[in-house]
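Have your viewer open and your selection tool ready. We will take a short walk, one selection at a time.

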Amino acid sequence: MDIKYGWLSLLGVGVVFTIAFSAQPAYSDANAVSLPTYCETQSVGSNDLLPLPVELKAQVSHSRPPMARYRHRDDRPVSSVMPERLQLKENPQPSTVSGKTEATCALKNSANTVKIYARPKKAETTASPAFDPKTVQLGDMQTAWGYGPRENQYNAAILKASQQHWPHQRVPLHPLLFKSLVANESAFNPTAVSYTGATGLTQLTPDTMRRFGLNWSMSRDPQHAVPAGVKVLAEKARVILEPQNYCKITGLSPERCPYAQVVTEAYQKLGEPTPEQSWPLVLAAYNAGGGTILRAMAKAYKQGKDPREWSVLVGDPANWQASPLYKACQEIFPNSASAKYREISAYPDKIMKLYRNSQPVAI
């Protein structure tokens, strides 16, 4: 009987040990990273590290992962299961330096090593590609802004002209943005005529028509007026983006446009405007002329302000007569400076608001 129970006891102990050890996760020492204990820091490649099943934290974590149902009983700090000379420093903070994971150990004057299991560094996400206007399809041009049946009648002409006649890749033109400009200029009326003599969908002035080889009847034809309008906007964009070439673009002598040199110096010091900064300036230049906007920018820079910011040119609404834009309007439109200031200051916001209502790509 004693022999029988003796064998049963040995068998029971064997079963308990088998279950206890088989419940522990297997660690592969072949794939572990061994850090010398005599060093203060050691850098290892993140690709060589294994995922952590349980995070090892000083005074908090475990020497080995406990079984789930005994967690409340085996939740012991590191200090109770690991000799003091093998414990990590308090609150060790692994960091990433040049694509490597750096772990700090407190082991000194010892030939032993500590194996540290760490999670690999997450792959860095790449930036989204730049917007390409040529990816816009005709179906993307449909809008419901409230201009009636003519609102979508010229979508094909606007899309084609925007994709073919816009040269500035650094500041791409979304066809819907130009459609917003057409909506503000003429409400999609190809025979619209302003009090200044501007006509057509894109409201070309007589001087602009002559420069781009259009006559009166052609300016009222969307197939001619829309491409010409895109070219005019591209010319204004060049004035804002390349103030150093303003005299060459307009044919003026440098003595007559010193403000362009001031803006050039501002760009050299502050950097060129971003697309977000450029668009209000470009749109305002379509309405008021590139020279007017460059004058306002030069005045802002001389006041120690950032001329690339449209809000700086518009100034404080409570003191708008002191703004750089109003000062420039006084020089260009001396008889209607106040009215022109109000028109120019509101023009970019009206176009951008209509454009954003269609929820296209942000620019």
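Buried here means under 20% relative accessible area, exposed means over 50%, and partly exposed lies in between (1.4 Å probe, protein chains only). With that in hand, select Cys-329: its relative accessible area is 0%, so Cys-329 is buried.

A word on the ground rules. You are looking at a predicted model, in which local features need pLDDT of at least 70, side-chain atom pairs count only at pLDDT 80 or more, and totals for chains, interfaces and linings use all residues. Residues are numbered from 1 along each chain as its sequence is written, and side-chain values use heavy atoms, with hydrogens and water left out.

**Stop one: the disulfide**

Next, select Cys-247 and Cys-257. Their sulfur atoms lie 2.3 Å apart and form a disulfide (a pair of cysteine sulfur atoms within 2.5 Å). By this rule the count comes to 1 disulfide. Cys-247 sits in helix H9, while Cys-257 is in the loop between H9 and helix H10 (258-270), 10 residues apart. Helices are DSSP runs of H or I with at least four residues, strands are runs of E with at least two, and both are numbered from the N terminus. Look along the S-S bond: the angle about it is 120°, and the link of Cys-247 and Cys-257 is right-handed. Both ends are buried, Cys-247 at 17% relative accessible area and Cys-257 at 2%.

**Stop two: Ser-162**

Now move to helix H4 (residues 155-164) and pick Ser-162. Is Ser-162 buried or exposed? Its relative accessible area is 2%, so Ser-162 is buried. Show the side chain, and you will find that it reaches the backbone oxygen of Ile-158 at 2.8 Å. Beyond its neighbours within four places in sequence, Ser-162 is in contact (heavy atoms within 4.5 Å) with Leu-173, Pro-175, Phe-178 and Val-230.

**Stop three: the largest pocket**

Finally, select Thr-205, Tyr-286, Asn-287, Ala-288 and Gly-289, the closest to the centre of the largest pocket among the 40 residues that line it. The volume of this pocket is about 1100 Å³. On a 1 Å grid over the protein atoms alone, a pocket is an open set of points where a 1.4 Å probe fits, with protein on both sides within 12 Å along at least five of seven lines, and lining residues have an atom within 4 Å of a point. Colour H15 too: this helix gives the largest share of the lining, 6 residues.

Conventions
A polar contact is a pair of N or O atoms within 3.5 Å; within protein, one must be able to donate a hydrogen and the other to accept it, and residues adjacent in sequence count only if both atoms are side-chain atoms. Grid points are joined across faces, edges and corners, and a volume is the space filled by probe spheres set on the points.
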